[in-house]
Amino acid sequence: VQMHPHAHIRTAASEISRAATPEEETRHSEGSVSQVAISALLAGDTDAVERTIEVAIAEGRDLAAADRMRAMTHLAKGDTEAAMKALARVRLDADEPDYNARARWHLTKAWILLHSGNGPEAVRSALWALAAARTVKDPRGEAAALHTLAACYRTLGRAEAESIAGRSAEA
């Protein structure tokens, strides 16, 4: 489906995915697919995340979002190498005008780098995400970036971690 995203292929894939997905998950996926995937990820149900991603792709949803979610799923499983490979599939051009996409990409990269033991690079990605979120005046994106930055600083033992964490709660 990702390689040949034609309408008839997506339609057939959507029917197959829905038939193979438990009814409860199918019902939820009609709402906010990303929220269903995030909830499953936070609950540690990586199988449900994968099924949700498959349904989303089959329905023609954002392929970049699917790969970012796959990256986070690999990260949840402890496979930082696979996470980075999944994120690498997301094309982020240097001239990408979509600052929301930039913020999400950099947030994902920051978490992967943080879990890979590369705190300084994780900080850089978190700061890029923060700048992108502020450019488009996205308070949720800004809060997520501040939360990520605080986690990076905490890992590096930097004193400003808690003050940043407090600002993420305010945003």
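View 1. Lys137 is exposed, its relative accessible area being 71%, a value that lies over the 50% cut-off for exposed residues. In this predicted model, Lys137 is located in the loop between α8 (119-135) and α9. The backbone of Lys137 has a phi near 55°, which is a positive value in a residue other than glycine.

**View 2. The protein chain as a whole.** The protein chain contains 10 helices and zero strands, and in sequence order its pattern reads α-α-α-α-α-α-α-α-α-α. Among contacts in the protein chain with a separation of 6 or more, 50% are accounted for by residues 24 or more positions apart.

**View 3. The contact of helix α7 with helix α8.** The axes of α7 and α8 come within 8 Å of each other and cross at roughly 160°. That angle makes α7 roughly antiparallel to α8, since angles over 145 degrees are counted in that way. The crossing in which α7 passes α8 is left-handed. On the α7 side the contact is made by Tyr99, Arg102, Ala103, His106, Leu107, Lys109, Ala110, Leu113 and Leu114, and on the α8 side by Gly119, Glu121, Ala122, Ser125, Ala126, Trp128, Ala129, Ala132, Ala133 and Thr135.

**View 4. The contact of helix α7 with helix α9.** Helix α7 (residues 99-115) and helix α9 (residues 139-156) have axes that come within 10 Å and cross at roughly 15°. The two helices, α7 and α9, are therefore roughly parallel to each other, given that angles under 35 degrees fall into that class. The crossing of α7 and α9 is left-handed. From α7, the residues Leu107, Ala110, Trp111 and Leu114 make the contact; from α9, Ala144, Ala145, His147, Thr148, Ala151, Cys152 and Thr155 take part. The residues of this contact of α7 with α9 divide into eight nonpolar and three polar, with no charged residue in the set.

View 5. Tyr153 is part of helix α9 and counts as buried at 8% relative accessibility, because the class of buried residues takes in values under 20%. Once residues up to four places away in sequence are set aside, Tyr153 touches Val123, Arg158, Glu160, Ala161 and Ile164. The view also takes in Gly119, which is 34 residues from Tyr153 in sequence and 7.9 Å from Tyr153 in space, C-alpha to C-alpha.

View 6. Thr46 is found in helix α4, which covers residues 46-58. With a relative accessible area of 17%, Thr46 is buried, as that value falls under the 20% limit. When neighbours within four places in sequence are left aside, Thr46 is in contact with Thr73, Ala76 and Lys77.

Terms used: Residues numbered from 1 in each chain as written. Predicted model: local features only at pLDDT ≥ 70, side-chain atom pairs only at ≥ 80, totals over all residues. Heavy atoms only, no water. Axes fitted to C-alpha atoms, helices over the stretch in contact; angles between N-to-C directions. Helix = DSSP H or I, 4+ residues; strand = E, 2+ residues; numbered from the N terminus. Parallel < 35°, antiparallel > 145°, perpendicular 65-115°, else oblique. Left-handed = near helix turned anticlockwise from the far one by under 90°. Contact = heavy atoms within 4.5 Å. Nonpolar A, V, L, I, M, F, W, Y, C, P; charged D, E, K, R; others polar. Buried < 20%, exposed > 50% of the residue type's maximum accessible area, 1.4 Å probe, protein only.
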